[in-house]
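Please examine the sequence and the three-dimensional structure shown here before reading on.

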Amino acid sequence: MRYDVIIIGAGIAGLYAAMKLPKDKKVLVINKRETFKCNTFYAQGGVALARDKDDIPAHIKDTLEAGDGLCDEEAVKILSENSIEAIDDLIKNGFEFDHDENRKLLYTKEAAHSCERILHAGGDATGRYLHHFLLEHNPHAMLSDTRVVDLLIKSGECYGVTVLDHRQCRNIYAKNVIIASGGVGSLYEYHTNAPCISADMQGLCLMKGIELERMEMLQFHPTVFVDSKNAQKMLLTEALRGEGATIEDENGKRFLFEYDERGELASRDIVSKSMYEYKKKTGMQLYLAFNNFDEKYFEERFPNICKNLRALGFNVPSQRVPISPAFHYAIGGIKSDLKGRVPNVKNLYAIGEVASTRVHGANRLASNSLLEGLVFAKEAALDIIKSSGKKEFIEFGITDEVMSLKEDKAKKNQLRRIMWENVSIIRTKSGLNDALSSINVLLNEKIGRLLKFRLLTAKEIVISALSRKESVGVHTRLEE
Ligand SMILES: Cc1cc2nc3c(=O)[nH]c(=O)nc-3n(C[C@H](O)[C@H](O)[C@H](O)COP(=O)(O)OP(=O)(O)OC[C@H]3O[C@@H](n4cnc5c(N)ncnc54)[C@H](O)[C@@H]3O)c2cc1C
């Protein structure tokens, strides 16, 4: 089987790249589980964009400020300058963002944005609507419930992938491979990500000697309903705070102003850290309260959150709900350039959450990630179209490593606890060193290849966190 392009991942980045590759190219989109299982599907708040040409400098400024000095300014410029075109392209192809009765688009505001510049769909179901739309507009073949377990690389060139499909491994060859496999959520005990987002490709890249960068930069979402058995927790979108929801302690006190004058509207890392510290200091449960909302508006604007919380017995908006921060978004990833190209491996690309273009610096501005998926997917697709030519294929063997062992499940859960306890919102030298030793012990045991992907990625996160001794953006180091 030979393709022009294999795309690993069917979230916003993978599917938009597929949409931008012409029909006459032979393209295969592979995804690990059922097609809806990806972070894109769960996105609630919306997509950020510069509202018009005049807003580009402000969008760039907000993104750079959130990024705390570590953004690549060129990447941010590309993101913002291409944002209007990317959104117009979706609308032109029939996508409906929420609008009023005169078809005027409804923009909302989220933390650390200087104006209302976020578009949403289905109220709080932006990701679900977008994902459905992109699947409908994908003109290429898809292979679902199939996991990529190897990259076929020789002499600095990529020739395809090995997939695990119904417990059988086989090779699929392609002139170009785009990795669009998302973040690392499932490494953590508490997270908001789709369960299958488990750092496979990041771990595989480490095995292949491909560089990951900024892996210590992990974003924790402050308002997550954690009172459930699953590791994947229900996110309560940032847009709620943007539109008036407040964070309070057991006594109804809004304590965030003690940490930042913007209170609930400070960036999400500041809010997460403040909550973490306040909870540690007082031992109190924290809540999200919706007193500022009119009931009918709340039901219409946040229909899914409203329905889900009511089903759990919370009479929102009059009743508040218990919350905690949880792991949310991987800022670092596979090092890639501004066309999505992975340095030193010809014909290999990385886009979306799995990639590090340095566009988010040390902290991602809310709702910039769906936009990143769109903008850099198009850059990669255009680069492939421009550079495609003939390719001499070579045959590869198939890895004979055991994929998983019965004991791996318990070790996977052990890793999740290690990461939550020692490598989450506040990091200390001793905590990180403890995590490193425990991960090394697990790596030295007899384990399957899939668990090895997770452990290698986790180890890289810890090593990066240890080597960045100062606190910056989402990375907070205490000297202990
Ligand atoms: C609850 C939640 C709410 C969010 N809200 C917003 C928001 O409002 N605005 C915003 O901008 N961002 C939001 N984000 C972040 C944003 O949704 C993600 O960063 C973005 O959707 C990532 O898109 P992606 O295409 O890179 O990856 P994903 O959408 O996660 O897709 C990854 C794909 O890779 C596949 N895959 C993974 N490993 C393999 C493998 N080994 N083999 C084959 N396939 C594989 C998966 O099956 C999946 O299809 C939110 C995230 C979450 C979790």
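The structure is a predicted model, in which local features need pLDDT of at least 70 and side-chain atom pairs count only at pLDDT 80 or more, while totals for chains, interfaces and linings use all residues. Residues are numbered from 1 along each chain as its sequence is written.

The domain assignment divides the chain into domain 1 (1-217 + 331-398), domain 2 (223-327) and domain 3 (408-478); such bounds come from an automatic or database domain assignment. Taken over C-alpha atoms, the centres of domain 2 and domain 3 are separated by 28 Å. Their contact takes 7 residues from domain 2 and 7 residues from domain 3, two residues being in contact if their C-beta atoms, placed from the backbone, lie within 7 Å. On the side of domain 2 that touches domain 3, helix H9 (268-282) and strand S15 each supply at least two residues. Here and below, helices (H or I, at least four residues) and strands (E, at least two) are DSSP runs, numbered from the N terminus. The largest share of this side, 4 residues, comes from H9. By class, the side of domain 2 that touches domain 3 has 4 nonpolar, 1 polar and 2 charged residues. In this classification Ala, Val, Leu, Ile, Met, Phe, Trp, Tyr, Cys and Pro count as nonpolar, Asp, Glu, Lys and Arg as charged, and the others, Gly among them, as polar.

Which residues come nearest to the ligand? Of the 44 residues around the ligand, they are Gly9, Gly11, Gly45, Gly182 and Gly352. A residue is near a molecule if its C-beta atom, placed from the backbone, lies within 6 Å of it. Several elements each supply at least two residues of this shell, among them helix H1 (12-20), helix H6 (126-136) and strand S7 (146-154). Helix H12 gives the most to the shell, with 4 residues. The shell divides into 18 nonpolar, 20 polar and 6 charged residues.

The largest nonpolar core has 149 residues, of which Ile6, Ile7, Ile8, Ala17, Ile178 and Ile351 touch the most other members. Such a core is a set of buried Ala, Val, Leu, Ile, Met, Phe, Trp, Tyr and Cys residues joined through C-beta atoms within 7 Å. A residue is buried if 20 or more other C-beta atoms lie within 10 Å of its own, exposed if 12 or fewer, and partly exposed in between, with C-beta atoms placed from the backbone. Leaving aside its neighbours within four places in sequence, Ile8 is in contact with residues including Ile30, Val148, Val161 and Ile178.

Val161 also stands opposite Ile172 in strand S9. Strands S8 and S9 (residues 168-179) run antiparallel and are joined by 6 bridges; two strands pair if DSSP finds at least two bridges between them. In the hairpin of S8 and S9, which has 2 residues between the strands, His166 takes a positive phi near 50°. S7 likewise pairs with S8 (residues 157-165) in the antiparallel sense, over 8 bridges, and Asp150 has Thr162 in S8 as its bridge partner. The hairpin of S7 and S8 has 2 residues between the strands, and Ser155 in the turn has a positive phi of about 45°.

Elsewhere, 3 strands form an open antiparallel sheet in the order S3-S5-S4. Strand S3 (47-48) and strand S4 (107-108) stand at the edges, each with a single partner strand, so one side of each is left without a neighbour in the sheet. S3 pairs with strand S5 (residues 118-119) over 2 bridges, and Val47 stands opposite Leu119 in S5.

Asp124 lies in the loop between S5 and H6. Is Asp124 buried or exposed? Asp124 counts as buried because it has 25 C-beta neighbours inside 10 Å.

Most residues other than glycine have a negative phi, and most peptide bonds are trans. Asn344, although not a glycine, has a positive phi of about 70°, and it counts as exposed, with 12 C-beta neighbours inside 10 Å. Ser367 also has a positive phi of about 70°, but Ser367 is buried, with 28 other C-beta atoms within 10 Å. The peptide bond from Val316 to Pro317 is cis, with omega near 10°; Pro317 lies in the loop between helix H11 (303-311) and strand S15 (321-330).
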